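User: Hi! Could you walk me through a model I have open on my screen? I'll just ask things as they come to mind.

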Amino acid sequence: MKDYYRVKAVISKDALVHNIRLIKNKLGPVRMMAVVKSNAYGHDIRNVIPVCSDQGVDAYAVATLEEGVEVRSLLDRLPSERSRQHASMILVLGYTDPSEYDRAIRNKIDLAVYSLEQAEALSKEAVRLDQRAGLHIKLETGMQRIGFDLNDQSLQDIKTISTLPNLSINGVFSHFARADEKDKSHADLQWERYQAFTDRLERAGVRIKAHHIANSAAIMEYPQAYTQPLPEGEYWMARAGIILYGLYPSDEMDRQAMPLEPVMSLYTHVVHLKTVPAGTPIGYGGAYVTTRPSRIATITVGYGDGYPRHLSDKGYVYVRGQKAPIRGRVCMDQTMIDVTDIKDVQLLDEVELIGPHVPLDDLADLSGTIHYEIICQLTDRIPRILR
């Protein structure tokens, strides 16, 4: 008898390795930072970190200090010979509250800094602990999210930061807002701003080790953002996010140039079957009414698992070699599908929710969202199984 599961996400180790090697081949000598925020984009950080380590990934990016501490813990538990093969820089990309600086310093986690006040508070805590604190200077080049504005005051503030005790400026970075578009004019503008300001920092005597502005889209289609010459002792790094997991940043990217493999597939089972007459309302609110005698199957997935409710009455799944439309509203824990035209459907038949026959991009389009959101919202009650 098959093992039973309500829902499961299968994480393909082979696909993840393929994508990492593809990215590293594209980057050449440039160092790779794996973006593993939001539980590795829903793939389970416990699955992803050991594979990245095996493949020689140089650094990791997270969104919160809590995520950074988890990455550090996972790295520390790896066999020592593997841990020594690569640097284990961990960077929190966003805001970290000063109350958390102690944990950041103790766990050797670098923080994004975009104000003199942040740096002063970080320096004060590092002095108190008698340790060094690592930071990366965040520059605002056109995203309008966080970062130092590119003006004289910021230049002076960063120069001051470089003199504060017990601080190491380990990097300077920014983020492209529109590098995933065919029209790269906005990326050009951001790149020019980044270059001009980092040149000013160099002339002001601020020495920074790592430079990184390239995200997934730029890795694919904007190589100038990680191939320009740098002063001796400095190096480029590129942040691989969505492409690490085999998904493309947008529909405007040239997919043929980088044949990624999706890392996650999602499955459930048929747990109930019944035949109903024409005119039968299905599910909450009777949102769908059958137009013919229909064979309706119930599957055990719903929005409580992070499965999009927006797929109600317009999404589809794959069972016994055919597509089956969703009928009625997606419930919290269950969903109904129409298998009238699919021969021999039986209880406990496997149902593909995301995979080679149900591309994530299709579900995102049907849900009116992006694939990032769907995978990141899959809840913890779905086991992630590395195979």
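User: Where does asparagine 39 lie?
Analyst: Asparagine 39 lies in helix H2, residues 37–41. Helices here are DSSP runs of H or I with at least four residues, strands are runs of E with at least two, and both are numbered from the N terminus. This is a predicted model, where local features need pLDDT of at least 70 and side-chain atom pairs count only at pLDDT 80 or more, while totals for chains, interfaces and linings use all residues. Residues are numbered from 1 along each chain as its sequence is written, and side-chain values use heavy atoms, with hydrogens and water left out.

User: Thanks! What is the phi of asparagine 39?
Analyst: Asparagine 39 has a positive phi of about 55 degrees, although it is not a glycine.

User: And how accessible is asparagine 39?
Analyst: Asparagine 39 has a relative accessible area of 26%, so it is partly exposed. The cut-offs are under 20% for buried, over 50% for exposed, and partly exposed in between, with a 1.4 Å probe and protein chains only.

User: What about aspartate 130, what phi does that one have?
Analyst: Aspartate 130 has a positive phi too, about 60 degrees, and is not a glycine. You'll find aspartate 130 in the loop between helix H7 (116–129) and strand S6 (133–138).

User: Is aspartate 130 buried or exposed?
Analyst: Aspartate 130 is exposed, at 67% relative accessible area.

User: Changing topic: how many disulfides does the structure hold?
Analyst: Zero disulfides. The test is a pair of cysteine sulfur atoms within 2.5 Å.

User: How accessible is cysteine 52, and how accessible is cysteine 376?
Analyst: Cysteine 52 is buried, with a relative accessible area of 0%, whereas cysteine 376 is partly exposed at 29%.

User: Which residues of H1 and H3 meet?
Analyst: From H1, Lys13, Leu16, Val17 and Ile20 meet Val48, Val51 and Cys52 of H3. Contact here means heavy atoms within 4.5 Å. By class, this contact of H1 with H3 has six nonpolar, no polar and one charged residues. For the classes, Ala, Val, Leu, Ile, Met, Phe, Trp, Tyr, Cys and Pro count as nonpolar, Asp, Glu, Lys and Arg as charged, and the others, Gly among them, as polar.

User: At what angle do H1 and H3 cross?
Analyst: The axes of H1 (residues 13–27) and H3 (residues 45–54) cross at roughly 45 degrees and come within 10 Å. Axes are lines fitted to C-alpha atoms, for helices over the stretch in contact, and angles run from 0 to 180 degrees between N-to-C directions. H1 and H3 are therefore oblique to each other. Under 35 degrees would count as roughly parallel, over 145 as roughly antiparallel and 65 to 115 as roughly perpendicular, with the rest oblique.

User: Is the crossing of H1 and H3 left-handed or right-handed?
Analyst: H1 passes H3 in a right-handed crossing. In a right-handed crossing the near helix is turned clockwise from the far one by less than a right angle, and in a left-handed one anticlockwise.

User: And how do H3 and H4 cross?
Analyst: The axes of H3 and H4 (residues 65–76) come within 10 Å, with a crossing of roughly 55 degrees. That makes H3 oblique to H4. The crossing is right-handed. Ile45, Arg46 and Ile49 of H3 make the contact with Glu70, Val71, Leu74 and Leu75 of H4. Sorted by class, the contact of H3 with H4 has five nonpolar, no polar and two charged residues.

User: Last one: where is leucine 189?
Analyst: Leucine 189 is in helix H9, and it is partly exposed at 34% relative accessible area. Its C-alpha atom is separated by 9.8 Å from that of phenylalanine 176, 13 residues apart along the chain.
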